[in-house]
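Please go through this two-chain model with me, in questions and answers, starting from the contacts between the chains.

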Number of protein chains: 2
Amino acid sequence: GVGEVALVGGGPGDAGLLTLRAAELLARADVVVLDRLAPRAALEHARDDVEVIDVGKTAGTHPVPQEDINALLVARALDGARVVRLKGGDPYVFGRGGEELDACAAAGVPVEVVPGVTSAIAVLAAAGIPVTHRGLSRGFTVLTGHDDLGTVPDAPDHTLVLLMGLGRLRTTAAELVARGRDPHTPAAVLEDGYGPRARTTLGTLATIGEIANAAGVRAPAITVVGDVVTRAPGWAGPA
Amino acid sequence: GVGEVALVGGGPGDAGLLTLRAAELLARADVVVLDRLAPRAALEHARDDVEVIDVGKTAGTHPVPQEDINALLVARALDGARVVRLKGGDPYVFGRGGEELDACAAAGVPVEVVPGVTSAIAVLAAAGIPVTHRGLSRGFTVLTGHDDLGTVPDAPDHTLVLLMGLGRLRTTAAELVARGRDPHTPAAVLEDGYGPRARTTLGTLATIGEIANAAGVRAPAITVVGDVVTRAPGWAGPA
């Protein structure tokens with residue numbers, strides 16, 4: 001008979017931040033298809049004989065095209081397998097979960113979507129930065145591209161979370177200032193989430209590009225802009 | 001000796017969307033302090049003799065003031081108790097977790113913050129609406145108040161998630177249109193998250209106020225605005 005596909009948010013990388021449902025689905029999975037940012041520690045919940053397929057992009061190699069991932073999920077499920085598609089964070093926060101759902105639905109494969117703890121919020125928390133905080137933030141915007149940069153609320157009490165390349169950090173910060181944001185707005189680069197290289201680099205929109213460059217920050221990293229950054233341990237006023 | 005306080009995100013209400021760490025902390029808790037939207041099902045992980053204190057606001061009664069909640073957490077922990085402060089969704093997404101953290105830290109009480117699956121993303125997923133989706137959404141903004149309404153990206157492919165009162169729904173929709181958003185922008189009201197009264201009401205910015213009113217929508221509810229709403233089952237073009 002036909003198997004199933006579960007599109008599972010694996011959370012930000014900490015073993016404890018997996019959901020109970022994710023652990024349950026991993027325990028019965030025949031196949032686990034991993035993203036680059038999917039938490040490897042979650043595999044401890046899987047069977048010893050589980051098949052693990054890593055389709056994550058790694059620097060210097062070509063990522064597996066999305067169409068091929070879709071085809072893989074469908075083929076294994078049609079073969080009768082219980083497939084867990086394990087993603088970092090949440091499957092719908094830039095996780096292309098909707099496309100995989102469509103592919104499965106089109107092929108008649110039963111799909112379950114399991115939301116996860118999103119890195120866009122939890123990685124900030126791990127760095128001591130609340131995404132909202134009374135008096136410091138009354139809302140937040142999460143972006144992965146540059147198209148909407150100029151049109152987000154420019155109040156310093158609106159938190160901006162940028163899930164985009166560090167290579168453009170200096171340009172991005174300059175663009176926000178050019179669009180009217182105060183250059184003294186606090187900013188932080190959070191590397192490696194809950195991983196062993198986790199590190200917080202602090203500055204302002206005027207300085208963060210230079211400071212991050214000098215510190216040698218590396219992907220994966222999340223950039224946060226807004227007054228909530230002042231809650232990070234180590235914040236000592238505009239640098 | 002001094003106990004501890006854990007500020008725990010309980011997720012959007014589904015028993016399976018609790019994190020492993022939350023379940024672990026609940027299992028050893030002496031006291032659980034519940035928010036109105038905290039998932040009651042999570043208490044199954046707690047000891048039989050756990051003390052449960054409900055400080056949630058219920059319609060028609062006065063909520064427990066935040067200062068009193070802070071004082072309660074501190075007092076119980078100083079008394080030696082292991083306290084879990086269980087919240088709906090994530091403790092930092094309008095959960096006032098930062099204020100409770102400050103109160104504990106000021107009193108010398110050890111605090112742990114445990115991120116949760118935020119309702120702002122997961123309740124959409126439960127209704128078949130991905131918060132981001134290739135071609136339909138390249139980012140999202142989450143607001144609880146009205147101050148920033150006029151300054152969010154007004155592209156229909158930027159998802160707007162509003163965690164605010166249904167009483168102002170018509171005004172809010174009109175305000176977004178007045179600020180330049182297309183009145184045909186898809187909009188949805190999602191009632192009761194993962195609860196038994198879960199229901200999706202669909203419309204556009206021009207019609208959602210009237211449609212929701214006629215449908216008798218009730219709190220708790222989340223409003224979503226943007227092209228991703230067209231992914232909801234039952235969407236049949238602008239109403």
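Q: Which residue of chain B meets Asp102(A) in a salt bridge?
A: In this predicted model, side-chain atom pairs count only at pLDDT 80 or more, local features need pLDDT of at least 70, totals for chains, interfaces and linings use all residues, and side-chain values use heavy atoms, with hydrogens and water left out. Residues are numbered from 1 along each chain as its sequence is written, while chains are lettered from A and ligands numbered from 1 in the order in which they are written. A salt bridge requires a side-chain nitrogen of Lys or Arg within 4 Å of a carboxyl oxygen of Asp or Glu. With an N to O distance of 2.7 Å, the partner of Asp102(A) is Arg231(B).

Q: How many salt bridges are there between chain A and chain B?
A: Over all chains, the whole structure holds 36 salt bridges. Across the interface there are also 17 residue pairs in polar contact, both residues at pLDDT 80 or more, where a polar contact is a pair of N or O atoms within 3.5 Å, one able to donate a hydrogen and the other to accept it within protein, and residues adjacent in sequence count only if both atoms are side-chain atoms. Between chain A and chain B, the count of salt bridges is 4.

Q: Which element supplies the largest share of the side of chain A that touches chain B?
A: Helices (H or I, at least four residues) and strands (E, at least two) are DSSP runs, numbered from the N terminus. Helix H1 (20–28), helix H3 (97–106), helix H4 (119–126) and strand S6 (139–143) of chain A each give at least two residues to that side. The largest share, 5 residues, comes from S6(A).

Q: How much area do chain A and chain B bury between them?
A: Contact means heavy atoms within 4.5 Å, and 49 residues of chain A are in contact with 48 residues of chain B. Buried area is the accessible area (1.4 Å probe) that two parts lose on being put together, summed over both. With 62% of it on carbon and sulfur atoms, the buried area is about 3,700 Å².

Q: Which strands stand at the edges of the 10-stranded open sheet?
A: The order is S9(A)-S8(A)-S10(A)-S7(A)-S6(A)-S6(B)-S7(B)-S10(B)-S8(B)-S9(B), with mixed pairing. Each edge strand has a single partner strand, so one side of each is left without a neighbour in the sheet; these are strand S9 (199–204) of chain A and strand S9 (199–204) of chain B.

Q: Which residue stands opposite Val8(A) in S5(A)?
A: In chain A, 5 strands form an open sheet with parallel pairing, in the order S3-S2-S4-S1-S5. Its edge strands are strand S3 (51–54) and strand S5 (111–114), each pairing on one side only. Strand S1 (residues 4–9) of chain A pairs with S5(A) in the parallel sense over 4 bridges, and opposite Val8(A) in S5(A) stands Val114(A).

Q: What separates Arg21(A) and Glu24(A) in helix H1 of chain A?
A: Arg21(A) and Glu24(A) form a salt bridge, their closest N and O atoms being 2.2 Å apart. Because they are 3 residues apart in helix H1 of chain A, the separation is about one helical turn.

How values were computed. Pairing = 2+ DSSP bridges.
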